[in-house]
Amino acid sequence: MGTWDTGPFDNDTAADFANALDEAEPEAREALVRGVLVRTIDATGYLTEAEEAVAAAALISAQCPGGEPVDMSYGPEKPMPVFPSDLRVLADEALARIVGDEDGPALNWVDPEDWKQWRAILTHLRAVLAPPPPSIALFDVQP
């Protein structure tokens, strides 16, 4: 994997995924994002699409409250569709799978500080993707 920084699109594989999204018809982009997330969640053994799943999660996170825009230098140049809310859950599950894979992408980092920064990015993405707490009080307790 050619990696030049710790961002979601800062590697060759994720940049290729961005290009695939740009080349896809607008109505096919959601399916590409969903597919890479589901395959990552369901994968057995080595997570072959982890870099793409992180990039997909970043695209979904960018549409959530508190999400950050995707780096346009290497991310998709064409606009993404508004993703349905169920993709937030899939993206979080895929990231959880990636973070928990001790033999996966975490081993790609030579510099421990880069690994820490990458891990912090994944943690932030997961925090943004987490569904908001219910806004309706379940109990009204009086003293």
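The secondary structure of the protein comprises five helices and zero strands, where helices (H or I, at least four residues) and strands (E, at least two) are DSSP runs numbered from the N terminus. Along the sequence the pattern reads α-α-α-α-α. The structure is a predicted model, in which local features need pLDDT of at least 70 and side-chain atom pairs count only at pLDDT 80 or more, while totals for chains, interfaces and linings use all residues. Residues are numbered from 1 along each chain as its sequence is written, and side-chain values use heavy atoms, with hydrogens and water left out.

Of the 143 residues, 38% count as buried; buried means under 20% relative accessible area, exposed over 50%, and partly exposed in between (1.4 Å probe, protein chains only). Contact is defined as heavy atoms within 4.5 Å. Among contacts between residues at least 6 apart in sequence, 67% join residues at least 24 apart.

Packing of two helices is described by the angle between their axes and the distance between the axes. For α4 and α5 the angle is about 155 degrees and the axes are 9 Å apart; axes are lines fitted to C-alpha atoms, for helices over the stretch in contact, and angles run from 0 to 180 degrees between N-to-C directions. The two helices are therefore roughly antiparallel, given that angles under 35 degrees count as roughly parallel, over 145 as roughly antiparallel, 65 to 115 as roughly perpendicular and the rest as oblique. The crossing of α4 and α5 is left-handed, a term used if the near helix is turned anticlockwise from the far one by less than a right angle, with right-handed used if clockwise. On the α4 side the contact involves Arg 88, Ala 91, Asp 92, Leu 95, Ala 96, Ile 98 and Val 99, which meet Trp 118, Arg 119, Leu 122, Leu 125, Arg 126, Val 128 and Leu 129 in α5. The residues of this contact divide into ten nonpolar, no polar and four charged (Ala, Val, Leu, Ile, Met, Phe, Trp, Tyr, Cys and Pro count as nonpolar, Asp, Glu, Lys and Arg as charged, and the others, Gly among them, as polar).

A salt bridge is a side-chain nitrogen of Lys or Arg within 4 Å of a carboxyl oxygen of Asp or Glu, and by this rule the count is five. One of them joins Arg 126 and Asp 92 (2.6 Å, N to O). Arg 126 lies in helix α5 (residues 112-129) and Asp 92 in helix α4, so the pair ties together parts that are 34 residues apart in sequence. Arg 126 is partly exposed, at 30% relative accessibility.

Another salt bridge is formed by Arg 34 and Asp 86 (2.7 Å, N to O). This pair links distant parts of the chain, with Arg 34 in helix α2 (residues 29-42) and Asp 86 in helix α4 (residues 86-99), 52 residues apart. Relative accessible areas are 24% for Arg 34 and 36% for Asp 86. Glu 30, Arg 34 and Asp 86 are linked in a network of salt bridges. Within α5, Lys 116 and Glu 113 form a salt bridge (3.4 Å, N to O); being three residues apart, they are separated by about one helical turn. Lys 116 is partly exposed at 47%, as is Glu 113 at 48%.

Val 70 is placed in the loop between α3 (50-61) and α4 and is buried, at 14% relative accessibility. Leaving aside neighbours within four places in sequence, Val 70 is in contact with Phe 9, Ala 58, Leu 59, Ala 62, Gly 75 and Pro 76.
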